[in-house]
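Here's a quick briefing to read alongside the model. Have the viewer open as you go.

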Amino acid sequence: MKTIIFKTASTYLLPLLILFSVFILLRGHYLPGGGFVGGLIASIAFIIHSFANGLEKTKTIIKFHPGFLMPIGLAIALLSGAAPLLIGQSLMTGLWFDEPIAVIGMVGSALFFDTGVYLVVIGVTLTIIFTITETI
Amino acid sequence: MELLLVILIGLLYAAGIYMMLRRSMVKLILGLILLGNGANMLIFLLGRIVKGKPPIIDSAEKMFTEIYADPVPQALILTAIVISFGLQSFAIILVKRAYKITDTDDLDELNTTDEIYE
Amino acid sequence: MKGKNTFTFFRNLGFLTLKKKSPISMILAILSGFIVASMIPLMSKFIKGKGSILIPFLPLALFIYFLTFLPQVSQGNPIDFFYSWVPSFGVDLSFRLDGLSLLFTLLITGIGTLVFFYTYSYLKGHVYLDRFYGYLSMFMASMLGLVLSDNIMTLFIFWELTSISSFFLIGFNNEDPKSRKSAMLALSITGLGGLFLLAAVILLGYVGGTYSIQELLSQSELLKASANYNWIIFLLFIAAFTKSAQFPFHFWLPGAMKAPTPVSTYLHSATMVKAGIYLLARFTPVLGGTAEWNTTLIIVGAITMVYAAIHSLFRLDMKGILAYSTISALGILVFLIGLGTEEALLAAGVFILVHALYKATLFLITGIVDHETGSRDVTVLSGLRKVMMPVAVAAFLAALSNAGAPPFFGFVGKDLIYEATLHFGDWAYVLTGAAIVTNICLLFAGLLAGYKPFAGPLPKQFEKVHLPHPTMWVPPLILAGLGLVFGIFPSLIEKSLIQPVFTSLVNNDTIIHLKLWHGFNLVLGLSALTLATGVLLYWKLKPSNNLLRKTFKFEILSPKTLTEQFGNLFSNFAKLWTGFFQNGYLRNYVITILGFLTLLLAFRLYQGVNIYIDTATLTDVTIYEAIVVIIMAASIIFTVFSKSRLVAVASLGVIGYAICLIFLFYSAPDLAMTQFSIDTLTVILFVLVIYNLPKYKSFSKKRVRIRDGILSIFFGTLIALLTLEVLSEPLNRETSKYYAENAYILAKGKNVVNVILVDFRGFDTIVEITVLVIAAIGVFSLLKLRLKSIEKE
């Protein structure tokens with residue numbers, strides 16, 4: 001699998017796909033997309049890279065074990081759900097900033113929640129695939 | 001098209017069950033995946049199918065102005081797809097592990113639980 | 001005059017506690033056992049070590065607490081404590097302290113105190129001493145609750161708690177299979193009784209319209225006239241007979257003697273087994289007095305007392321002897337309650353106390369003998385008085401009280417029994433005869449356990465035996481001493497203790513008199529006859545293994561064997577059933593479930609198929625869609641019939657992409673994207689592990705495959721038919737409509753699917769990603785953690 005074309009292509013594909021996945025994540029509230037798909041696309045990006053360049057290289061790019069993304073993502077999702085409690089509203093009430101932010105549009109607790117999902121999905125997928133690649 | 005989908009669903013279920021009844025562990029997993037696909041299609045079809053009207057509100061509007069596809073089955077299926085990935089990967093690894101330890105792929109030889117460790 | 005003095009003595013005790021009795025203090029007193037039991041695990045080290053001497057002060061404190069009620073109760077004023085617990089079900093924590101309850105509470109806490117102190121030495125240094133104290137405290141609390149409850153629902157709860165704590169105590173030596181088996185047996189028998197009690201309680205509440213015993217008392221006539229009366233007493237009897245080891249449920253009690261001796265003393269002679277007696281006594285004023293009530297109790301009681309008494313003649317193990325004589329004594333109590341006359345009820349009240357005093361003593365002594373010599377065999381033991389005089393004294397006193405020799409309290413008790421039977425109309429002679437036979441055997445048993453081990457020469461092997469710690473030999477001495485004191489001065493307890501018991505049993509104002517000496521009459525003659533025959537029997541009949549073995553011949557017919565066979569039937573049936581359905585073959589499970597489901601669905605469809613498809617409403621099929629459907633159908637067939645794993649996996653991938661396209665055609669872009677990515681990942685996963693997975697093999701025979709094929713096609717067809725039927729029904733879109741309409745207004749999102757996932761059903765999504773995390777951790781640990789020993793090959 002480690003052909004030169006594939007190798008070269010994957011090096012460029014990785015940032016592009018990740019950017020694309022973030023784009024999918026951010027637009028999820030208005031158009032098709034969201035945390036699940038975004039996370040899956042990002043994972044596929046890393047997996048393609050690892051196939052082309054070897055797992056070790058991909059790992060040096062990520063720097064830490066993808067498993068750590070799982071608790072972080074879960075925490076973000078939970079916190080965004082619990083945030084309304086701080087201002088006296090019930091759990092999981094949607095909160096929104098008043099002004100839209102450039103490029104992204106309206107930002108609210110739903111986006112943070114989706115980001116949590118995104119991170120968990122990346123963590124889960126990469127943990128599974130990487131573990132399997134390593135042990136087999 | 002509905003009728004064709006009904007036939008496909010029946011086919012997926014039949015194939016899934018048939019695979020699950022085999023003695024090979026790998027076939028068991030394939031059967032599971034087929035069944036999962038069948039169930040997804042079933043839910044999708046039961047929410048009625050509509051062509052080219054995704055449940056997305058037009059950017060200029062605040063509410064739907066025309067008919068739209070049912071979003072609830074879609075949300076359900078999306079969840080199901082993602083979960084089934086978790087399930088599949090776990091099942092595959094479990095089979096691999098069981099094969100390594102018991103050295104058999106025959107489910108009929110795994111019908112006792114306690115003797116593996118002896 | 002004497003009675004009055006003691007009276008003032010007890011009244012003076014009263015100032016020790018609070019002047020006003022609030023329900024809280026009573027509830028605390030009852031629950032204190034539970035509280036202590038739950039605290040013990042927290043400081044188990046302390047309890048096992050230096051703290052072990054502290055625990056016995058709990059029952060002591062409770063004993064003093066209950067003693068303070070004596071003056072008021074003996075004046076004939078029961079005390080009520082009320083605390084509403086679950087008002088909607090009519091379940092209240094209402095407690096009532098009357099004569100009967102007070103007698104039992106004093107027995108429970110009094111003997112409890114002695115047993116707790118006794119345990120301190122008996123189990124000193126035992127690994128599980130803390131547990132033992134915990135169970136014992138729990139039991140004491142349950143028993144207190146049982147005898148104090150005025151609400152029959154709470155009475156039932158405490159009743160069950162005594163069964164459960166008894167289970168733990170019998171199975172205390174949990175490494176001994178026999179001990180475990182006995183515990184199971186006891187639990188199943190008393191647990192069965194508990195179920196009957198629950199049914200009785202519900203029926204009582206239903207007929208009487210109240211769960212309060214006090215209020216039921218006024219409904220007595222109504223209950224007796226009710227059509228359900230026979231059911232109520234039947235259920236109540238089974239409950240009482242199982243708990244109090246009446247024939248034919250008696251056999252769990254000898255087994256329960258596997259427990260450490262303090263348990264046998266406390267639960268299985270003095271307190272718990274008397275719970276059944278308490279129940280019968282408590283309900284005598286409510287339900288008693290009818291022919292059904294009296295006759296049943298007389299017959300069961302008489303059979304039990306004679307049967308068990310004769311049984312006790314053949315035992316060699318001191319505990320075995322005492323176990324059967326306990327069953328017999330319980331039989332006497334049931335019998336007396338059955339007689340139901342005032343004399344009989346008075347005798348019952350007195351005999352409860354008499355029996356508790358001497359039987360607890362004898363058990364404690366058995367424990368000491370066992371502890372010091374390591375044997376309980378009466379044919380081996382002898383001459384122990386030379387090494388443990390105080391124990392021998394206590395044993396001899398208890399044996400005499402048991403024998404009913406004057407001037408012991410047992411004599412008073414036995415006199416009352418004979419008087420009750422003699423004055424019972426036509427059957428007087430038969431019943432008196434039965435009582436005499438029982439008493440002779442009991443006397444023999446008492447001598448065997450309380451006299452024989454201490455009399456005669458001391459064998460060499462026991463010369464080094466010494467007296468145990470005082471906390472072990474003082475308690476039996478106190479109990480035995482009380483048996484003598486109460487005998488000589490019955491007035492000590494006549495007014496204060498026995499009169500209130502009697503009043504709560506007969507529910508009228510009759511005044512009683514306890515006397516040691518009645519003058520020369522028939523009763524005295526019968527007592528003398530009993531004594532003489534019993535002693536004669538003791539000299540003539542020497543217990544031996546041969547005799548014991550002879551009784552084994554009748555084992556086949558004993559209720560215990562029959563019950564065990566009945567139990568075996570159950571387990572055989574279970575084996576058959578499990579062997580057939582739960583045989584460990586995955587296929588069989590799937591086939592069973594599917595077969596059942598298919599039959600059910602087929603039956604439903606057979607009853608009326610309502611499939612009507614309006615072709616006009618169907619969506620058109622374009623050429624692209626038709627191609628996708630054909631590709632998918634072909635891939636499914638490939639997946640199933642391919643001989644190669646790789647082809648199967650590839651076809652599976654194709655199926656996934658085809659589904660993805662269908663999603664895309666029919667307005668589900670989110671699904672299409674997700675399906676696409678997941679399908680890719682699944683294929684990657686399979687490709688990664690496929691060479692480590694076993695090769696495809698065809699295990700099944702052709703016949704089996706055809707069978708499975710037919711079943712799956714049948715099932716697939718059913719699902720398809722079902723889908724069609726659902727499709728022809730109108731759809732309820734309320735939920736979707738709500739989500740769609742409010743997606744932007746409430747959640748400011750325009751992609752409704754995403755809004756449902758992250759907002760409306762956000763909780764579900766959190767759970768979902770948690771499940772995913774668990775799956776990932778599962779995979780990680782399955783692969784990374786070595787299954788040490790197994791993986792070595």
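Residues are numbered from 1 along each chain as its sequence is written, while chains are lettered from A and ligands numbered from 1 in the order in which they are written.

**Confidence**
- The model comes with ipTM 0.91 and pTM 0.64.
- Chain C has a mean pLDDT of 82, with 92% of its residues at 70 or more (pLDDT is the predictor's confidence in each residue, from 0 to 100).
- Residues 1–20 of chain C have pLDDT below 50. Where pLDDT is low, the predicted coordinates should not be read in detail.

**Chain C against chain A**
- Chain C puts 37 residues into the contact and chain A 38 residues (contact: C-beta atoms, placed from the backbone, within 7 Å).
- On the chain C side, helix 34 gives the most, 14 residues (helices are DSSP runs of H or I, at least four residues, numbered from the N terminus).

**Nonpolar cores**
- The largest core holds 205 residues, and Leu103(C) and Phe351(C) are among those with the most contacts inside it (a core is a set of buried Ala, Val, Leu, Ile, Met, Phe, Trp, Tyr and Cys residues joined through C-beta atoms within 7 Å; buried means 20 or more other C-beta atoms within 10 Å of a residue's own, placed from the backbone).
- Helix 18 of chain C (residues 342–373) is the top contributor to this core, giving 20 residues.
- A second, separate core of 120 residues includes Ala45(A), Leu69(A), Leu8(B) and Leu757(C).

Key: This is a predicted model: local features need pLDDT of at least 70, side-chain atom pairs count only at pLDDT 80 or more; totals for chains, interfaces and linings use all residues. Two residues are in contact if their C-beta atoms, placed from the backbone, lie within 7 Å. Helices (H or I, at least four residues) and strands (E, at least two) are DSSP runs, numbered from the N terminus. A residue is buried if 20 or more other C-beta atoms lie within 10 Å of its own, exposed if 12 or fewer, and partly exposed in between; C-beta atoms are placed from the backbone.
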